[in-house]
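Biologist: I have a model open on my screen and would like to learn how to read it. Could you walk me through it, one feature at a time?

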Amino acid sequence: MPKEPARRATLKKIMAGTASLTAASMLPSLAAYAQAAEATQQGLKGNINHSVSRWCFSHLSVEELCKEARAIGIKGIDLVGPQDWPVLKQYGLESTMCNGAELNLVDGWNDKQFHGKLVKNYTEMISMVARAGYKNLICFSGNRRGKDDETGWQNCVDGLKQVLPLAEKHKVTLVMELLNSKVNHPDYQANKTAWGVELAKRLGSENFKLLYDIYHMQIDEGDVIRTIQNSHQYIAHYHTAGVPGRNEIDETQELYYPAIMRAIVATGFKGYVAQEFVPKREDKLASLRQAIQICDV
């Protein structure tokens, strides 16, 4: 995830967009991009389901990103709100991590003062996600604000248990993202995998899992591959980015993504790995294509 002000501004801009495309206008381009995607996917190994976070490529419209994603062989797009789901559907792409129910990144389930609004938002959004045929809906712990771990866990349990029965009924998974509190999100409570795993154990539902952001967890705890091996049953989704800097995942940064991807595949993971780096190079789409190749093990 980006720094809070930047990500808030980007998500607000994205959520403000509307989908005005018609099926008739889409058909010619869809045929071409379907052929390109099929040709590209034939060159991919099929062990990783590739996705990309929408906010990282906000210089493109949703339609433009869909076209490029199809051409690369990407199967879905993360963090796209309901107003743009019709565009994804036109291009045969999944909304791989739905958003729009959260208040923000700092006011989350660990604080009872936000439960009323969160329960209302998630009750509405869970049904929308299910009707659209999607599976994952993001959520956040929120900032500590002086709360110890036990208080944070208990507050999250009290709040999330109010919406988990609906999620279970509709087969929607609430996915809490792990964010670093060292660089990008000071005071965020779910800043360690162990904290998220303990919450998942207390909730005891297959419809609550974690979003393991490799960038964030490398910063706050490291030991990425061992953590994935030990905690994979609680992880529904992965994000990538280079460390340090949150840029390309190539030789300019400290993580070796092919080994990480092989570790993910070895766990039997069938979900999505979403590229969530901020391209530093001028040709941003070339960076995206390279990242897919790096992660396609």
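Modeller: Gladly! Let's begin with pairing: two strands pair if DSSP finds at least two bridges between them. Keep in mind that this is a predicted model. As a case, H50 stands opposite V273 in β8.

Biologist: Which residue is the bridge partner of H239 in β8?

Modeller: The partner of H239 is A274. Here β7 and β8 are joined by four bridges, and they run parallel as well. To get from β7 to β8 the chain passes through α11, and this β-α-β crossover is right-handed.

Biologist: How do I read the sheet as a whole?

Modeller: The general idea is that strands of a sheet pair through backbone hydrogen bonds, either parallel or antiparallel. In this chain, eight strands make an open sheet with parallel pairing, in the order β3-β2-β1-β8-β7-β6-β5-β4. The edges are β3 and β4 (136-139), each of which pairs on one side only. On average, neighbouring strands are turned by 35 degrees against each other, direction ignored. For another pair, look at strand β5 (residues 173-177) and strand β6 (residues 208-213): four bridges join them in parallel, and V175 stands opposite K209 in β6.

Biologist: Are the faces of β8 covered or open?

Modeller: In a regular strand the side chains alternate between the two faces of the sheet. In β8, Y272 and A274 lie on one side and V273 and Q275 on the other, and all of them are buried, so both faces are covered, with buried meaning under 20% relative accessible area.

Biologist: How is the packing of two helices described?

Modeller: Two packed helices are described by the angle between their axes and the distance between the axes. On the α10 side the contact is made by V224, I225 and I228, and on the α11 side by A259, I260, A263 and I264.

Biologist: Now a loop residue, please. Where is N110 found?

Modeller: N110 is in the loop between β3 (94-97) and α5 (115-132).

Biologist: Why does N110 count as buried?

Modeller: Because its relative accessibility is 0%, and the cut-off for buried is under 20%. A polar atom of the N110 side chain lies 2.9 Å from the backbone oxygen of N143. Leaving aside neighbours within four places in sequence, N110 is in contact with S141, G142, N143, R144, K147, G152, N155, C156 and Q189.

Methods
Residues are numbered from 1 along each chain as its sequence is written. This is a predicted model: local features need pLDDT of at least 70, side-chain atom pairs count only at pLDDT 80 or more; totals for chains, interfaces and linings use all residues. Side-chain values use heavy atoms; hydrogens and water are left out. Buried means under 20% relative accessible area, exposed over 50%, partly exposed in between (1.4 Å probe, protein chains only). Helices (H or I, at least four residues) and strands (E, at least two) are DSSP runs, numbered from the N terminus. A crossover is right-handed if, with the strands pointing away from the viewer, the path from the first strand over the helix to the second runs clockwise. A polar contact is a pair of N or O atoms within 3.5 Å; within protein, one must be able to donate a hydrogen and the other to accept it, and residues adjacent in sequence count only if both atoms are side-chain atoms. Contact means heavy atoms within 4.5 Å. Axes are lines fitted to C-alpha atoms, for helices over the stretch in contact, and angles run from 0 to 180 degrees between N-to-C directions.
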